[in-house]
Amino acid sequence: MNKVFKLLALSTLIAAATGCTSYNISQPSSPIDSQVKADLKADVAVGEAISGQSSVNILFGVFKFGGDTEFADGVSYGGESGGALGMLDPISAVKSAAAYKAVKASNADLIVAPRYEVSEENYFVFKKVSVTVKGSKGS
């Protein structure tokens, strides 16, 4: 009985010494007041109206198939489907593909004042997302 008590006491001591612990240390902070000044002037020639269209099929809200393979890079889109990673946000990928098609077809450098029209046909486990982007040619 004494050995069992010692073994139980030793195992309790080991468990208490090696248990999982989380620490959260809050650090007081103050806002940083900084100003960035760049002496750049954008010279963008606004041209005719341009547009692009893309669509994709989405299975279970995650798996994309039947969409485009070329995308405009460097633009972060706010989306209704959310998602911290771009791979997990299929609507942003469709917007990016539509922007790429508009820029490529018109030989523009950028789209001035882009407007996205998002259309979703939702069938519970399957949905089709279509995006049309309209704006002005910028070069």
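Does Glu 120 count as buried, partly exposed or exposed, and what is its relative accessibility? Glu 120 counts as partly exposed, at 32% relative accessibility. Here buried means under 20% relative accessible area, exposed means over 50%, and partly exposed lies in between, with a 1.4 Å probe and protein chains only.

This is a predicted model, in which local features need pLDDT of at least 70 and side-chain atom pairs count only at pLDDT 80 or more, while totals for chains, interfaces and linings use all residues. Residues are numbered from 1 along each chain as its sequence is written, and side-chain values use heavy atoms, with hydrogens and water left out.

Start with the overall layout. The protein chain has 2 helices and 4 strands. Along the sequence they follow the pattern α-β-β-α-β-β. These elements are DSSP runs, numbered from the N terminus: helices are H or I with at least four residues, strands are E with at least two. Of the 139 residues of the protein chain, 22% count as buried. The chain exposes about 10,900 Å². Carbon and sulfur atoms supply 57% of that area. Accessible areas come from the Shrake-Rupley method with a 1.4 Å probe; for residues, only the protein chains shown count as cover.

Contacts come next. A contact means heavy atoms within 4.5 Å. Take the contacts in the protein chain with a separation of 6 or more: residues 24 or more positions apart account for 65% of them.

Now the sheet. The 4 strands form an open sheet in the order E2-E1-E4-E3, with antiparallel pairing. Its edge strands are E2 (63–65) and E3 (110–122), each pairing on one side only. Neighbouring strands of this sheet are turned by 30° against each other on average, direction ignored. Helix H2 (residues 90–106) packs on the sheet and touches E1, E2, E3 and E4. The direction of H2 makes about 145° with that of E1. Axes are lines fitted to C-alpha atoms, for helices over the stretch in contact, and angles run from 0 to 180 degrees between N-to-C directions.

Look at the E1–E4 pair. Strand E1 (residues 46–59) and strand E4 (residues 126–138) run antiparallel and are joined by 12 bridges. Two strands pair if DSSP finds at least two bridges between them. Gly 52 has Val 133 in E4 as its bridge partner.

Val 133 also belongs to the largest nonpolar core, which has 13 residues. Ile 50, Val 56, Ala 102, Ile 111, Val 129, Val 131 and Val 133 touch the most other members. E1, H2 and E4 each supply at least two residues of this core. The largest share, 5 residues, comes from H2. Such a core is a set of buried Ala, Val, Leu, Ile, Met, Phe, Trp, Tyr and Cys residues joined through side-chain atoms within 4.5 Å. Beyond four places in sequence, the residues that Val 133 touches include Ala 98, Ala 99, Ala 102 and Ile 111.

Ser 51 lies in strand E1. Ser 51 is partly exposed, at 45% relative accessibility. Not counting residues up to four places away in sequence, Ser 51 touches Ala 102, Val 133 and Lys 134. Ser 51 and Val 133 are 82 residues apart in sequence, yet 5.3 Å apart in space, C-alpha to C-alpha. Ser 130 lies in strand E4. Ser 130 is buried, with a relative accessible area of 18%. Leaving aside neighbours within four places in sequence, Ser 130 is in contact with Gln 53, Ser 54, Ser 55, Glu 117, Val 118 and Ser 119.

Charged pairs complete the tour. The structure holds 3 salt bridges. A salt bridge is a side-chain nitrogen of Lys or Arg within 4 Å of a carboxyl oxygen of Asp or Glu.

Asp 68 pairs with Lys 101, the closest N and O atoms being 3.2 Å apart. Asp 68 lies in the loop between E2 and H2 and Lys 101 in helix H2, so the pair ties together parts 33 residues apart in sequence. Asp 68 is partly exposed at 28%, and Lys 101 is partly exposed at 35%.

Glu 117 and Lys 134 meet in a salt bridge at 3.5 Å, N to O. Glu 117 is in strand E3 and Lys 134 in strand E4, 17 residues apart. Glu 117 is partly exposed at 44%, as is Lys 134 at 35%.

Glu 120 returns here: its side chain meets that of Lys 127 in a salt bridge, also 3.5 Å, N to O. Lys 127 is buried, with a relative accessible area of 17%, whereas Glu 120 is partly exposed.
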